[in-house]
Amino acid sequence: MPEGINLVDLFQTAAGALQNHRQELNQADSYNMNHGDNMVEIFEVITQAMKSKQNADAPTQLEYAAQLLRQKSNSGSASVYADGLASASKEVSGSLVSPDMAMNLLQKLMNGGGAAAEKPAASSAAGIGDLLGGLLGGEDAELDSSDLLGAGLAFLQSKQSGDDNLEALSKAFISTTQMGSSDHRSQSGQLVTNAVLQMLASQLKN
């Protein structure tokens with residue numbers, strides 16, 4: 001398994017997913033009709049920050065991205081992501097992030113640095129964690145499922161609607177976060193989460 005994930009690659013992958021669905025996200029935003037534009041801008045700012053600090057360690061990259069995002073965007077989503085980046089910067093180390101660190105970063109991003117909106121029962125958390133590890137091909141991946149994907153019911157409902165496993169996990173995860181508070185934010189959060197999960201799956205299988 002690779003030593004870890006480069007933050008530039010991680011955020012660039014997420015930015016690409018948002019760009020591909022920019023118009024759909026704008027249409028889902030019935031109030032301002034610009035959520036897609038905002039999300040693309042947010043992740044382009046984050047990616048640019050990572051690139052400009054790519055020789056620094058992960059905490060420095062994340063903190064700088066938070067500062068730059070606050071300077072360049074004043075949207076509500078930008079504020080949540082900036083807070084999440086700043087919080088995550090205090091919990092990572094080194095230049096590359098491991099799978100469990102990447103998922104903790106994702107949880108922080110979607111909650112503005114706070115805790116998940118709700119905690120699952122221990123049995124549900126364990127089941128989701130086992131499922132995620134199996135899907136990503138990392139039997140020994142030490143993922144904190146209680147922080148990671150705490151919505152077993154949402155996962156089952158999503159599977160019943162025909163979503164594939166990673167999409168269902170993304171929906172289950174977002175349903176317990178701040179980004180799950182509205183339809184358009186939920187959609188963008190799912191796109192980011194799914195992109196990160198796909199990247200992790202690819203990394204763990206190499």
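In which helix does S170 lie? In this predicted model, S170 lies in helix α10. Its relative accessible area is 1%. S170 is therefore buried, since the cut-off for that class is under 20%. The side chain of S170 makes a polar contact with the backbone nitrogen of N194, at 3.3 Å. Leaving out residues up to four places away in sequence, S170 touches Q190, T193, N194 and L197. Helix α11 covers residues 183–205.

Confidence was examined next. The mean pLDDT of the protein is 79. Of the residues, 73% score at least 70. Where pLDDT is low, predicted coordinates should not be read in detail.

The largest nonpolar core contains 50 residues. Those with the most contacts inside this core are F11, F43, I46, L62, L69, Y81 and L85. Seven helices are listed as each supplying at least two core residues: α1 (7–20), α3 (35–52), α4 (58–72), α5 (76–89), α6 (99–110), α10 (165–174) and α11 (183–205). Helix α3 gives the largest share, 8 residues. In soluble globular proteins, nonpolar side chains tend to be buried together. I46 illustrates the packing. With neighbours within four places in sequence set aside, I46 is in contact with F11, A65, L69 and L85.

Helix α1 supplies at least two residues of the core. Its 14 residues should span 20 Å at 1.5 Å a residue. The N-terminal end of α1 is capped by N6. A side-chain oxygen of N6 lies 2.7 Å from the backbone nitrogen of V8. The buried residues of α1 are L7, V8, L10, F11, A14, A15, A17 and L18. F11 is also among the core residues with the most contacts. D9 has a relative accessible area of 38% and is partly exposed. The C-alpha atoms of D9 and V196 are 9.9 Å apart in space. In sequence, D9 and V196 are separated by 187 residues.

Helix α5 also has 14 residues. From first C-alpha to last, α5 reaches 20 Å, close to the 20 Å expected at 1.5 Å a residue. Helix α5 is mostly covered, with 11 of its 14 residues buried. The buried residues are S77, A78, V80, Y81, A82, G84, L85, A86, S87, A88 and S89. Y81 and L85 are among the core residues with the most contacts.

The whole structure was searched for salt bridges, and 3 were found. Side chains of opposite charge can pair when their charged atoms come close. R22 forms a salt bridge with D37, with the closest N and O atoms 2.8 Å apart. R22 lies in helix α2 (residues 22–28) and D37 in helix α3, so this pair ties together parts that are 15 residues apart in sequence. R22 is partly exposed at 24% relative accessibility. D37 is partly exposed as well, at 27%.

D83 forms a salt bridge with R70. The closest N and O atoms of this pair are 2.7 Å apart. D83 lies in helix α5 and R70 in helix α4, so parts 13 residues apart in sequence are tied together. D83 has a relative accessible area of 33%, which makes D83 partly exposed. R70 is partly exposed at 44%.

E91 and K108 meet through their side chains in a salt bridge, at 3.2 Å from N to O. E91 sits in the loop between α5 and α6, and K108 in helix α6. The pair links distant parts of the chain, 17 residues apart. E91 is partly exposed, with 42% relative accessibility. K108, in contrast, is buried, with a relative accessible area of 11%.

Notes:
Residues numbered from 1 in each chain as written. Predicted model: local features only at pLDDT ≥ 70, side-chain atom pairs only at ≥ 80, totals over all residues. Heavy atoms only, no water. Core = buried A, V, L, I, M, F, W, Y, C linked by side-chain atoms within 4.5 Å. Buried < 20%, exposed > 50% of the residue type's maximum accessible area, 1.4 Å probe, protein only. Helix = DSSP H or I, 4+ residues; strand = E, 2+ residues; numbered from the N terminus. Contact = heavy atoms within 4.5 Å. pLDDT = per-residue confidence, 0-100. Expected span 1.5 Å × (residues − 1). Polar contact = N/O pair within 3.5 Å; in protein donor to acceptor, adjacent residues only side chain to side chain. Salt bridge = Lys/Arg side-chain N within 4 Å of Asp/Glu carboxyl O.
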